[in-house]
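Notebook open. I want to look up the confidence, the sheet and the surroundings of the ligands.

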Amino acid sequence: MGGGGSSTGSGGGGRRRPLVIGVTGGIASGKSMVTRLCQGRYGVSVLDADILGHRSYAKGTPCYRQLLKTFGEEIVGEDGQINRRALGRIVFSSPQERNRLEGIVWPEIRRLMEEDLRALGETGIHAAVVEAAVMLEAGWEDAMDEVWVVAAEPEVAKTRLMSRNNLSAEDALRRIEAQMTNQERIEKADRVIWNNGTVADLEKEVERAWEERGTLRRRRAALKARWRILTAGVGFAILVSMLQLRFRMK
Ligand SMILES: CC(C)(COP(=O)(O)OP(=O)(O)OC[C@H]1O[C@@H](n2cnc3c(N)ncnc32)[C@H](O)[C@@H]1O)[C@@H](O)C(=O)NCCC(=O)NCCS
Ligand SMILES: Nc1ncnc2c1ncn2[C@@H]1O[C@H](COP(=O)(O)OP(=O)(O)OP(=O)(O)O)[C@@H](O)[C@H]1O
């Protein structure tokens, strides 16, 4: 994954970006629940890519103008903003139209994400979670330090989707099957958070994820310290040998 949690480089003046965890997963897998748990228990800041998406085409922006050119005036609401319901009707019934929308807004969402992460870094927060359903499809994982995939078995997700969105079993399954599979996501994950059980089980999984991150960080710090001691020791030994050689030669 990308090199976050580090100096921002160009124009960053040595500021630090927070550790960035990307949370993604299939529809109704529990992404929002995981994100909420991270925010509530571990004090991390949260960026929601859905909201960044809405911001990307606010009235007057370049994306706004591009969307009007592409989809016509009928996507503008009475308030002059993009009517998302109207746009959703167009793009969710046609993969081609959805691709056109994504081609316009994904680069801007990415730019806004980077901008917000930098701004969060300025506030000195230690970690941020970016929740994005399309993180892997959009290729945003390289802006994350780690990608956590939330996964629920299709049957479990189906039941939750039916009850949350008041859908029939067929409609719920259709939405699940229109997406990447769990396996495809898991192959790109740094961590998988399974969510087939209760909310209490999920809380434990999230706790374990943060704990193991801490453990890994401590382990890396210990290795670095050992390496420093080793290199200092080798340097010292070389210096002593050189001094000995010099005295012997005299
Ligand atoms: C299609 C739009 C206008 C519908 O807006 P609306 O307010 O009705 O829905 P909302 O944004 O809350 O999204 C509803 C659900 O669809 C998912 N979704 C949105 N866009 C996409 C997409 N391109 N592919 C897959 N799922 C998507 C969202 O993650 C969310 O779970 C809007 O979602 C949009 O502009 N999408 C394109 C930007 C995008 O990819 N956003 C997702 C970032 S994770
Ligand atoms: N472990 C769980 N036990 C019971 N219900 C759960 C559990 N996890 C999530 N849910 C419920 O399942 C539904 C989907 O969860 P959530 O909204 O967090 O998923 P999501 O991945 O963010 O969904 P979407 O893809 O639609 O954005 C919600 O109604 C939520 O309350």
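I start with pLDDT, the predictor's confidence in each residue, from 0 to 100. I also need contacts: two residues are in contact if their C-beta atoms, placed from the backbone, lie within 7 Å.

**Confidence.** This is a predicted model, where local features need pLDDT of at least 70, side-chain atom pairs count only at pLDDT 80 or more, and totals for chains, interfaces and linings use all residues. Residues are numbered from 1 along each chain as its sequence is written, while chains are lettered from A and ligands numbered from 1 in the order in which they are written. I read a mean pLDDT of 91 for the protein, with 92% of its residues at 70 or more. Residues 6-14 stay under 50. The model has nine contacts for that stretch beyond four places in sequence. I note ipTM 0.97 and pTM 0.86.

**Sheet.** I take helices (H or I, at least four residues) and strands (E, at least two) as DSSP runs, numbered from the N terminus. Strands pair if DSSP finds at least two bridges between them. In what order do the five strands of the open sheet run? I find E2-E3-E1-E4-E5, paired in parallel. Strand E2 (45-48) and strand E5 (191-194) are the edges, each pairing on one side only. The twist averages 25 degrees from one strand to the next. Angles run from 0 to 180 degrees between N-to-C directions, with axes fitted to C-alpha atoms, for helices over the stretch in contact. Helix H2 (residues 49-56) packs on the sheet and touches E2 and strand E3 (127-131). The direction of H2 makes about 55 degrees with that of E2. Strand E4 (residues 146-151) pairs with E5 over four parallel bridges. I looked up alanine 151: its bridge partner in E5 is tryptophan 194.

**Ligand 1.** A residue counts as near if its C-beta atom, placed from the backbone, lies within 6 Å of the molecule. Of 15 residues around ligand 1, Ala49, Gly53, Arg84, Gly88 and Ala133 come nearest. H2, helix H4 (84-91) and helix H5 (95-122) each give two or more residues to this shell. H4 gives the most, with five. I count Ala, Val, Leu, Ile, Met, Phe, Trp, Tyr, Cys and Pro as nonpolar, Asp, Glu, Lys and Arg as charged, and the others, Gly among them, as polar. The shell around ligand 1 has eight nonpolar, two polar and five charged residues.

**Ligand 2.** Which residues come nearest to ligand 2? Lys31, Ser32, Met33, Arg160 and Arg164 do, out of 15 around it. Helix H1 (31-42), helix H7 (154-165) and helix H10 (199-249) each supply at least two shell residues. H1 gives the most, with three. I get six nonpolar, six polar and three charged.
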